[in-house]
Amino acid sequence: MARAELMDFDQALELFEPVIGLEVHVELNTVTKMFSPAPNPANAAYHDAEPNTLVSPVCLGLPGSLPVVNGDAVRKSISLGLALGCDIAESSRFARKNYFYPDLAKDYQISQYDEPIAHDGEVEVEISDGRVFRVPIERAHMEEDAGKLTHVGGATGRIQGAEYSLVDYNRAGVPLVEIVTRPIFGAEADAPEVAKAYVSTIRDIALSLGISEARMERGNLRCDANVSLRPRGQEALGIRTETKNVNSFRSIERAVRYEIQRQAAILAKGGSITQETRHWHEDTGTTSPGRPKSDADDYRYFPEPDLLPVVPSAELIEELRAALPEAPAARRRRLKAEWGFTDLEFQDVANGGLLNEVAETIAAGATPAAARKWWTGELTRLANAADTDAASLATPAQVAELAALVDAGTLTDRLARQVLEGVIAGEGSPQEVVDARGLAVVSDDGPLIAAIDEALAAQPDVLAKIRDGKVQAAGAIIGAVMKAMRGQADAARVRELILERAAAE
Amino acid sequence: MSDITAEQVAHLANLARIALTDDEVTSLTKELGQIMHAVEQVSEVATPDVPATSHPIPMQNVFRDDVVGATLTPAEAVAGAPEHDGARFKVSAILGEEQ
């Protein structure tokens with residue numbers, strides 16, 4: 001549907017209540033795959049491996065090969081389940097999901113069906129204005145990722161028009177945890193942002209657990225967004241669509257918003273929604289229909305006969321629970337209180353994705369106010385100008401050093417910004433840039449007094465005003481002195497000296 | 001006796017990518033019905049104190065350590081493939097979509 005045919009978002013919200021559900025796949029960063037001892041390309045050591053160099057007979061489904069469960073993948077899955085507030089199953093088993101597609105050579109995916117490792121959790125999700133939503137988790141189950149197909153011969157690299165496809169099974173068998181929410185009600189106009197904030201929270205949890213690299217652009221974290229609408233006052237849920245291929249946080253928000261507007265336009269005209277998967281197109285900001293959603297029955301799930309049940313001991317679960325890091329939402333509350341920021345100041349930091357940078361800068365010795373000022377101010381400005389992340393420009397240690405130089409009076413804010421540019425340009429640490437560029441504040445009064453005397457002599461009318469008690473007139477002299485000193489002076493000190501010199505003469 | 005319809009048999013055959021003639025659908029519908037009836041007899045004798053099992057051996061928690069083992073070279077990997085480009089498997093593109 002062209003964007004012009006969509007219903008206005010606010011109007012859609014007046015007529016319908018949006019209900020969303022999210023499926024997030026997290027690739028675990030174990031050294032080896034889920035069921036085979038082949039190296040795992042989702043582990044940093046094996047990024048960008050050549051095609052079919054990370055495969056064993058199990059990954060290729062060769063006759064006679066048998067899967068064996070990676071114990072570390074199970075532990076990481078349990079940790080993730082616990083961090084999602086889930087109950088861990090007393091007994092859990094794998095199941096075969098049968099389908100024919102060459103991304104898995106066995107013609108089935110080993111997944112979990114009726115006995116997932118974790119179920120019934122809840123995640124606190126904070127949106128940009130600071131409000132918190134509780135997202136109910138239905139289940140988190142273990143499964144294997146599929147291989148990658150490259151379509152050859154089509155004009156666009158898509159399957160339409162392709163002559164043939166090339167298959168790389170490096171990714172086949174990468175350990176995945178699929179996290180499925182229950183329907184999320186009550187988000188209303190915030191539904192698109194809640195969806196984005198939820199996936200962002202899952203990333204934060206995965207990173208804090210150290211179980212995944214959790215980079216969406218690498219496919220470590222993938223999201224399918226279910227959206228349905230129900231007319232105001234209706235109890236029954238509407239028919240849902242599942243939008244796939246949503247590969248950035250911003251796209252999640254846009255895709256959910258688009259589906260709400262698209263479905264509302266259809267329903268308002270008396271049409272009906274087709275239950276189907278839809279593909280998100282980043283370039284046009286639209287979705288297009290994919291295949292009709294198969295019934296679960298068509299996958300003919302059955303218990304995986306080649307694998308034994310996973311029965312985590314209470315001791316293991318408690319050991320992993322005790323090792324859980326602080327939940328992202330709790331950490332935010334703690335940091336906000338420790339730093340003494342206002343709601344707005346804290347949202348500035350959090351929405352800029354700069355919590356870790358600010359925390360590390362404070363740990364390196366800066367005050368919370370200085371750390372926040374540099375990261376959300378100058379560094380964010382420079383990052384926006386260069387279309388990159390503030391975190392990629394400077395390290396927390398460098399920012400803390402810069403703040404210390406300002407505190408010590410070695411640098412003014414203005415000089416510090418020049419030093420920061422030098423640091424970003426790779427000229428060394430802040431102190432090294434100060435030394436190399438000769439940027440320190442002139443703290444010796446001698447040159448300052450010389451410049452002041454010169455300026456006073458050049459502007460006798462100003463001198464007369466200062467002597468008459470009109471001290472605000474000193475501003476003109478400060479400006480002249482700062483210019484003469486090329487900005488390398490502390491304006492407050494200059495002002496003090498001007499008043500002294502004016503009185504002395 | 002459980003009913004299984006000719007439509008269900010045709011649908012299953014399609015999911016399994018098995019081409020069946022109408023005669024085969026008719027005969028398989030009858031045979032599968034008999035098999036389901038046999039399975040039903042098992043249900044009759046199953047009691048709540050006999051837990052369902054997916055495995056004949058009472059074992060659980062068989063894990064391996066997260067340590068890299070033997071892998072194949074790309075040439076070995078594609079050795080049995082009808083078509084390949086030296087490192088990747090070559091498959092027909094008339095395939096519908098990913099699951």
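Colleague: Where does A:Asp107 lie?

Modeller: A:Asp107 sits in the loop between β4 and β5 of chain A. Before the details, two notes. Residues count from 1 along each chain as its sequence is written, while chains are lettered from A and ligands numbered from 1 in the order in which they are written. This is a predicted model, in which local features need pLDDT of at least 70 and side-chain atom pairs count only at pLDDT 80 or more, whereas totals for chains, interfaces and linings use all residues.

A:Asp107 takes a positive phi of about 75 degrees, although it is not a glycine. Its setting is partly exposed, with 14 other C-beta atoms within 10 Å. (With C-beta atoms placed from the backbone, buried is 20 or more others within 10 Å, exposed is 12 or fewer, and partly exposed is in between.)

Now the strands on either side of the loop. β4(A) covers residues 95–98 and β5(A) covers residues 108–111. Four bridges pair them in the antiparallel sense. (Strands are DSSP E runs of at least two residues, helices are H or I runs of at least four, and numbering starts at the N terminus; two strands pair when DSSP finds at least two bridges between them.) A:Arg96 has A:Ile110 as its bridge partner in β5(A). β4(A) also pairs with β15(A), residues 302–303, through two antiparallel bridges. There the bridge partner of A:Arg96 is A:Phe302.

A:Asp387, not a glycine either, has a value of about 55 degrees. Its place is the loop between α9 (368–385) and α10 of chain A. A:Asp387 is exposed, with 6 other C-beta atoms within 10 Å.

(Under 35 degrees is roughly parallel, over 145 roughly antiparallel, 65 to 115 roughly perpendicular, and the rest oblique.) A:Gln398, A:Glu401, A:Leu402 and A:Leu405 of α10(A) meet A:Pro430, A:Gln431 and A:Val434 of α12(A). (Contact requires C-beta atoms, placed from the backbone, within 7 Å.) By class, this contact has four nonpolar, two polar and one charged residues. (Nonpolar is Ala, Val, Leu, Ile, Met, Phe, Trp, Tyr, Cys and Pro; charged is Asp, Glu, Lys and Arg; the others, Gly among them, are polar.)

α12(A), residues 430–437, also packs with α11(A), residues 413–424: the axes come within 9 Å and cross at roughly 105 degrees. These two helices are therefore roughly perpendicular to each other. α11(A) brings A:Val419, A:Gly422 and A:Val423, and α12(A) brings A:Pro430, A:Val433, A:Val434 and A:Arg437. The classes are five nonpolar, one polar and one charged.

Next, β10(A), residues 175–181. Five of its seven residues are buried, so the strand is largely enclosed by the rest of the structure. It pairs with β1(A), residues 16–27, through five antiparallel bridges. A:Val24 has A:Ile179 as its bridge partner in β10(A). β7(A), residues 132–144, pairs with β10(A) too, antiparallel over seven bridges. Here A:Glu143 stands opposite A:Leu176.

Finally, the interface. Chain A gives 45 residues to the contact and chain B gives 34 residues. On the side of chain A, the elements giving two or more residues are β2 (69–70), α2 (71–83), β9 (164–168) and β14 (286–292). β9(A) supplies the largest share, five residues. By class, this side has 26 nonpolar, 10 polar and nine charged residues.

β9(A) also links the chains by pairing. Four bridges join it to β2(B), residues 89–92, and the strands run antiparallel. A:Tyr164 has B:Ser92 as its bridge partner.

Technical notes
Two residues are in contact if their C-beta atoms, placed from the backbone, lie within 7 Å. Axes are lines fitted to C-alpha atoms, for helices over the stretch in contact, and angles run from 0 to 180 degrees between N-to-C directions.
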